[in-house]
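Below is a note for a colleague who asked for comments on this structure. It keeps to points that can be checked in a viewer.

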Amino acid sequence: MSKLSVLLTGAGGYIAQQLLPVFRERYDLRLVDLTRERDGAALEGVETADLLRDDPETLVPLFSGVDVVVHTGYHRPTGTDPQSLYDGERLNIDMMQRVYGLALEQGVRRVVAASTNQAAKWYEQPYFAGLRDRVDSEDYPRPDSFYGWAKAAYESLGFLYACGSLGRKLEVVQLRIVAPREIDAGEFVDLPRHRYVRDLAGYISDRDLQQLFYKSVETPEIEDEYGVPFHIFYGVSNNARTFWSITNARKVIGYRPVDDSEVRFAADIAKLLNG
Ligand SMILES: NC(=O)c1ccc[n+]([C@@H]2O[C@H](COP(=O)([O-])OP(=O)(O)OC[C@H]3O[C@@H](n4cnc5c(N)ncnc54)[C@H](O)[C@@H]3O)[C@@H](O)[C@H]2O)c1
């Protein structure tokens, strides 16, 4: 069987670098980023393009003939005041809109985009106050940062593209990644304990992140009960402490995370949480 053709945006970024070892084996890849280097090292096979500023005509060839776009491109806002954060994050909505638009026009079947739990991060407050047991991707988005707000906005824009009102249904999967890194307990020694517990709950290992992405790319049928091919999945491992629900990812794409932060960091947990 021929390999799926996949366009990976933000190919030089942190998340893309975690995905690339598996993506290189499984797909016929097109890689795109603003630059061809990361931390001074050349990035193999990356084409340069600016998804925000390049003319749409120059971007068309990147999207043409592609089965699935995996969007991990991310513009990092400069400045910390509310207006700068708002202006910076709006560009990420603009970039996502261009990706959806080009994908729709060029006959791409599916867009899988990196999102974040921050689209609904405020729910962590009632969770840690004992007022809530679980956060589900169907809960109304409750961002508490401009970063999370932009993700909630581009997730819902994805529904518009998926529901068919623009002429055809563009399949859209949004992956709310939580903590895609090894957790250094040392960083939490002087912080309230729930901060450490939160990262244990949100941990996702490299191989689980890779599985979540490739199953989101490859699962043939993803229409929901209403016939709309749109899903939001939380990106966490099989963590004993998790409170982000992944039951929909288990059902729709057969996500079976193999790692558990409780086991992976057992020695640190014994020291930091159990004294
Ligand atoms: N890293 C994390 O811990 C984490 C956690 C949750 C969600 N996410 C999400 O995953 C996505 C990727 O995050 P990351 O950490 O890999 O970011 P990153 O900054 O490491 O990578 C983003 C890449 O996008 C490229 N880019 C920026 N503007 C572009 C443009 N106009 N055109 C083309 N490419 C452009 C950058 O050059 C960069 O290589 C983001 O949406 C982020 O919110 C990341």
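Predicted model: local features only at pLDDT ≥ 70, side-chain atom pairs only at ≥ 80, totals over all residues.

1. Local features are discussed only where pLDDT is at least 70.

2. Ligand shell. The ligand is surrounded by 23 residues, and the closest are Gly10, Gly13, Ile15, Tyr74 and Ala114. Two elements give two or more residues to this shell, namely α1 (14-26) and β7 (110-116). Of the elements, α1 gives the most, with 3 residues. By class, the shell has 11 nonpolar residues, 9 polar ones and 3 charged ones.

3. Record annotation. An unreviewed UniProt entry lists residues 6-157 under "domain: NAD-dependent epimerase/dehydratase". In the model, that span is 41% helix and 18% strand, and its end C-alpha atoms lie 21 Å apart.

4. Nonpolar core. The largest nonpolar core has 70 residues, and the members that touch the most others are Val6, Val69 and Val111. The element that gives the most to this core is helix α5 (residues 146-162), with 7 residues.

5. Valine 6. Which residues are in contact with valine 6, leaving aside neighbours within four places in sequence? They are Phe23, Tyr27, Leu29, Val66, Asp67, Val68, Val70 and Val217. Leucine 29, one of these contacts, is also the residue that stands opposite valine 6 in β2.

6. Strands β1 and β2. Strand β1 (residues 5-9) runs parallel to β2, and 5 bridges join the two. In strand β2 (residues 28-33), 5 of the 6 residues are buried, so the strand is largely enclosed by the rest of the structure.

7. Strand β8, burial. How many of the 7 residues of β8 are buried? The count is 7 of 7, and the strand is mostly covered. Both of its faces are covered.

8. Strand β8, pairing. β8 pairs with β7 in the parallel sense over 7 bridges. Within this pairing, valine 172 in β8 is the bridge partner of valine 111, and Val111 has already been named among the core residues that touch the most other members. β8 is also joined to strand β9 (residues 230-235) by 6 bridges, again with a parallel run. Here glutamine 174 stands opposite isoleucine 232 in β9.

9. Aspartate 39. This residue has a positive phi of about 50 degrees although it is not a glycine. Aspartate 39 is placed in the loop between β3 (37-38) and β4 (41-42). Is aspartate 39 buried or exposed? It counts as exposed because it has 5 C-beta neighbours inside 10 Å, and the cut-off for exposed is 12 or fewer.

10. Proline 56. Proline 56 is part of helix α2 (residues 56-63). It is exposed, since 11 other C-beta atoms lie within 10 Å. Arginine 98 is 42 residues away from proline 56 in sequence, and the C-alpha to C-alpha distance between them is 8.3 Å.

11. Proline 180. Proline 180 is found in the loop between β8 (171-177) and α6 (193-202). Why does proline 180 count as buried? It does so because 20 other C-beta atoms lie within 10 Å, and buried requires 20 or more. Not counting residues up to four places away in sequence, proline 180 touches Ile15, Gln18, Ile204 and Leu209. Of these, Ile15 is also among the residues closest to the ligand. Valine 32 is 148 residues from proline 180 in sequence, and 22 Å separates their C-alpha atoms.

12. Tryptophan 122. The loop between β7 and α4 (124-128) holds tryptophan 122. This residue counts as partly exposed because it has 16 C-beta neighbours inside 10 Å. Tryptophan 122 touches Arg142, Pro143 and Asp144, with residues up to four places away in sequence left out. Valine 60 is 62 residues from tryptophan 122 in sequence and 38 Å from it in space, C-alpha to C-alpha.

Definitions and conventions: Residues numbered from 1 in each chain as written. Near = placed C-beta within 6 Å. Helix = DSSP H or I, 4+ residues; strand = E, 2+ residues; numbered from the N terminus. Nonpolar A, V, L, I, M, F, W, Y, C, P; charged D, E, K, R; others polar. Core = buried A, V, L, I, M, F, W, Y, C linked by C-beta atoms within 7 Å. Contact = placed C-beta atoms within 7 Å. UniProt positions renumbered as here; feature names shortened; annotations may be inferred. Pairing = 2+ DSSP bridges.
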